[in-house]
Amino acid sequence: MSDNLALLRFAWTRHRLPIVVFAVMLAITECFVLSLPIRSREPSTFASFLLLITFLPAFLWGVIAFDFVHMNDLASSETGYSHFLLRMPIAEWKLAAIPIVMKTLWVGLLWWLVCLIAWKHDGLIMPMSILFVSIVATGVWVSAIAWRPFRAGWHRFVAFAVLAPIASLAVAGTGIHSATSPLTTFLILLIIVGEILFLVIGIVFAVRAIHVARSNVVGKIPSTSFPIGKRFWQWLDQDFDDQCSRHEHRTATNALRWHDLKRSRGNRVRVLFFLVVPTILLFSMLDSPPGVSLFLGCFMLFVFANSGIYMLIEPTSHTETTTLPPYLAASPLSSEEIASTRLGETLSISLRFMLMSFLYFVIWLGFETHREAWHRWATDLSTMPTVDGLPLASGIRVTVVAMVALVTFFLGRNLAHLWVTLAGRTWIAIGVIGTLLACMFAATFAVSTWFFKQREWEETLEAFYFGVSYIPSIIGLLMGVKAIGLTTSLGLAYRSNTTSIQWIQRTLLTWLVGCVVIGVVLFALIPDSRATLPMCLAFPVLVLPVARLLVLPIAVDQNRHR
């Protein structure tokens, strides 16, 4: 087997799962959009929404994918490239070429599909060269920075921060074809040459990074100290300070909470600086409808909140994965105290990340085009016969309602899967993930089958509105399922020796108060006269877990006695 074929096979093995998932998702989206009526306002809006929520994640994934890089290694000064491959007798240009070629093919295929949809559906001929080159060049630079060793790990993140505005400017060069005032031929030529130079220099830098990484895998350590920023990151990474004996806590759970949060503080700050802030700035510049922008921003913050929560888990040397380190599993702390602490930490970290969605939307509104789009949306909203109030007031109220609802939903998802983490069993995690994927694909298949049977867009909308009339019945069914789960969890908690009556009462009371507060807030803010208090209360009752929180001490106990 040749070197190139071996590297291609290795890259396929590392990335086959996301490739298959994206391929299925993009194929369904392509069939959906191409089957819609041509050059009609409602289908075109629906098609744009589908393209944004499916192709944009695929493009972003292609920028960072197809590298032989472990993301956890990027915080160190070492090269992010696989050390195993660097020691192999393979030419440097081959080690750099295979990831670059795969990125190029992936981005090119995605953009070709977008151009095909635009041509088939709306008769538009979209330029492929500039956006294609800019996205590929960004991916090449991301790879090159990840491959190159640095004097300190934080230098790599500074390089990513410098790359972000340059890449945004390169992608913005696509707008030369849709500029309000025609650009001169010289300026267009200058932009095209700049895009090509951005790509070529990135390729040269990537090949050079492989050479440097092979000769100095563990980083370029200078002979003299380099104090700029070093003390700050050392302060973040330290587990305890010199006055650790003075940290006294009233309870053991407070001590454990202080220990967990201080131990993971450095990683959470890195996520904030190098992932959250660039993502907020990037998504705030996207020219998309207000609802789509708000959803995408909240979803990305939900992903980063998951990363912050995962950093509470300490790696151990056990061959079988466990989420409790030996000193904690063998500590005199009860399983209920450990579960209560981890639940509080998860709730705290999730709220901190998710509440940044308000800051994100304020930054999004800082652009004049976005404010105009939001005002048009608010005006259309106020014209509905069931909506009372002026456009500005109605728009603000609905925006706040949407943000509260999204934060509540994603917060519920973080809390709902906490029991899987605390159980620490691989087969449980695989079973839960498999069940969720099976349900997702089943729902997608059902919706696709129904959609492709439709012949006219008006009939499709009528069928959709007819299905909406069954929502109260569906909510009642889900309430019944949730009641059965709650009854089962209460039975397990009462029979268990690890769960006290106080834990059950405290969990039920907190959940009930949270549901009532959120439901009342939603009911007070929704300007639509069709909204009722039971309807608003049903939303937090369904999305906020309670049965799975009651069994958290049981999950911890099972993890301690494996």
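Guide: Start with a cut-off. Buried means under 20% relative accessible area, exposed means over 50%, and partly exposed is in between. Keep in mind that this is a predicted model.

Visitor: Why is Asp3 called partly exposed?

Guide: Asp3 has 28% relative accessibility, so it counts as partly exposed. That value falls between the 20% and 50% limits.

Visitor: What makes Lys94 and Asp3 a salt bridge?

Guide: Their closest N and O atoms are 3.5 Å apart. The limit is 4 Å between a side-chain nitrogen of Lys or Arg and a carboxyl oxygen of Asp or Glu, so the pair qualifies. The bridge links distant parts of the chain: Lys94 sits in helix α4 and Asp3 in helix α1, 91 residues apart.

Visitor: Is Lys94 buried or exposed?

Guide: Lys94 is buried, because its relative accessible area is 18% and the cut-off is under 20%.

Visitor: How do you know that Arg506 and Glu336 tie together separate parts of the sequence?

Guide: Arg506 lies in helix α21 and Glu336 in helix α13, so the pair joins parts 170 residues apart in sequence. The closest N and O atoms of this salt bridge are 4.0 Å apart. Arg506 is partly exposed at 41%, whereas Glu336 is buried at 15%.

Visitor: What makes Arg342 and Glu345 buried?

Guide: Arg342 has a relative accessible area of 5%. Glu345 has 1%. Buried means under 20%, so both labels hold. These two side chains also meet in a salt bridge of 3.6 Å, N to O. Both lie in helix α13, three residues apart, about one turn of the helix. Asp260 is linked with them in a network of salt bridges.

Visitor: Why is Asp67 called buried?

Guide: Asp67 has 5% relative accessibility, so it counts as buried. Asp67 lies in the loop between α2 and α3. Its side chain makes a polar contact with the side chain of Ser143 at 2.7 Å. Residues touching Asp67 include Arg14, His15 and Trp147.

Visitor: Why is Trp450 not called buried?

Guide: Trp450 has 33% relative accessibility, so it counts as partly exposed. The buried label needs under 20%. Trp450 is in helix α18 and touches Thr460, Ala463 and Phe464, leaving aside residues up to four places away in sequence.

Definitions and conventions. Residues are numbered from 1 along each chain as its sequence is written. This is a predicted model: local features need pLDDT of at least 70, side-chain atom pairs count only at pLDDT 80 or more; totals for chains, interfaces and linings use all residues. Side-chain values use heavy atoms; hydrogens and water are left out. Helices (H or I, at least four residues) and strands (E, at least two) are DSSP runs, numbered from the N terminus. Buried means under 20% relative accessible area, exposed over 50%, partly exposed in between (1.4 Å probe, protein chains only). A polar contact is a pair of N or O atoms within 3.5 Å; within protein, one must be able to donate a hydrogen and the other to accept it, and residues adjacent in sequence count only if both atoms are side-chain atoms. Contact means heavy atoms within 4.5 Å.
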